[in-house]
Amino acid sequence: MTELPLIGEAIAVAAEPRLAGARIGVVTFPGTLDDRDAARAVRLAGATAVELWHGDTELGDVDAVVIPGGFSYGDYLRAGAIARFAPLMSKIIDAANSDAKLPVLGICNGFQILTESHLLPGSMIKNDHLKFLCRDQILRVENSNTAWTLDYEAGQEITIPLKNQDGQYIADDKTLDALEAEGRVVFRYVGFNPNGSRRDIAGISNAAGNVVGLMPHPEHAVEPGFGPETALSGSAGVGGSDTDGLGFFTSVLTKIVGGDK
């Protein structure tokens with residue numbers, strides 16, 4: 001019988017000491033739900049999680065930023081619309097678009113914020129069935145060369161929890177064609193499209209590959225014994241693991257220290 005870690009016992013998987021100095025900022029807005037989960041994932045990957053508040057006017061000394069899921073500002077107006085104007089977001093936008101190309105990951109509500117901020121194209125609207133959905137979801141990795149996917153292989157299928165009501169990704173055909181042609185569709189839903197997203201798109205990147213947004217929650221699939229039930233039971237049929245999401249956070253560490261595939 002495999003011994004599982006105790007709940008609350010964060011065990012870093014990174015073996016290289018050079019990764020320990022990496023500092024990953026995790027942003028909290030009013031209504032954010034998954035900032036602690038994202039910070040835990042960062043620590044499990046071997047980096048230092050740095051708390052960032054939406055009202056901060058400086059990013060500080062961080063090597064990357066995670067914008068986690070939740071309901072920033074209660075999703076008033078529309079999901080992510082108010083968060084886009086938070087003081088810290090202007091700093092994140094500038095840093096992501098700078099020559100340094102700060103790596104930024106937007107998860108669920110974070111993805112919505114990235115589209116509202118125009119760091120990523122398109123928009124998010126209500127699921128086509130107009131209901132909140134929570135399930136374990138199989139994704140195919142379409143692009144393994146972004147700052148957040150270096151530790152995956154193109155074509156690899158992973159199981160990641162998904163929970164959203166405004167998860168339908170939309171864009172005009174010209175934008176969708178450009179995303180496809182430029183390899184900027186990073187993740188695609190497999191077997192079931194849970195929200196009606198155009199072309200089964202689950203996540204995309206900017207042109208430089210430093211900014212990635214997706215609707216499913218990799219921070220909820222980072223610990224043995226506490227990940228997706230499909231991965232635990234083997235019913236996913238893809239050899240998935242309940243730690244399939246950890247690769248997001250180890251990938252950005254590889255990017256930070258200058259590693260390549």
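Two strands are said to pair if DSSP finds at least two bridges between them, and both helices (H or I, at least four residues) and strands (E, at least two) are DSSP runs, numbered from the N terminus. This is a predicted model, in which local features need pLDDT of at least 70 and side-chain atom pairs count only at pLDDT 80 or more, while totals for chains, interfaces and linings use all residues. Residues are numbered from 1 along each chain as its sequence is written, and side-chain values use heavy atoms, with hydrogens and water left out.

By these rules, strand 9 (residues 185–189) and strand 10 (residues 201–205) pair in the antiparallel sense over three bridges, and Phe187 stands opposite Gly203 in strand 10. They belong to an open sheet of nine strands with mixed pairing, in the order 2-1-3-4-11-10-9-6-7. Its edges are strand 2 (48–53) and strand 7 (157–164), each of which pairs on one side only.

Arg140 has bridge partners in both: Glu157 in strand 7 and Arg188 in strand 9.

Helix 2 (residues 87–97) has among its buried residues (under 20% relative accessible area, where exposed is over 50% and partly exposed in between, with a 1.4 Å probe and protein chains only) Leu88, Met89, Ile92 and Ile93. What covers the buried residues of helix 2, with contact meaning heavy atoms within 4.5 Å, includes strand 1 (23–28), strand 2, strand 3, strand 4, helix 3 and strand 11.

Turning to charged side chains, a search of the whole structure finds ten salt bridges, each a side-chain nitrogen of Lys or Arg within 4 Å of a carboxyl oxygen of Asp or Glu. In one of them, Asp177 and Arg199 meet at 2.7 Å, N to O, linking helix 4 (residues 173–181) to the loop between strand 9 and strand 10, 22 residues apart. Asp177 is partly exposed, at 41% relative accessible area, and Arg199 is also partly exposed, at 33%.

Glu180 forms a salt bridge with Arg188, the closest N and O atoms being 3.0 Å apart; Glu180 is partly exposed at 29%, but Arg188 is buried at 13%. Arg199 and Glu180 meet in a salt bridge as well, at 4.0 Å, N to O. Because Arg199 lies in the loop between strand 9 and strand 10 and Glu180 in helix 4, this pair ties together parts 19 residues apart in sequence. Through shared partners, salt bridges join Arg140, Glu142, Asp177, Glu180, Arg188 and Arg199 into one network.
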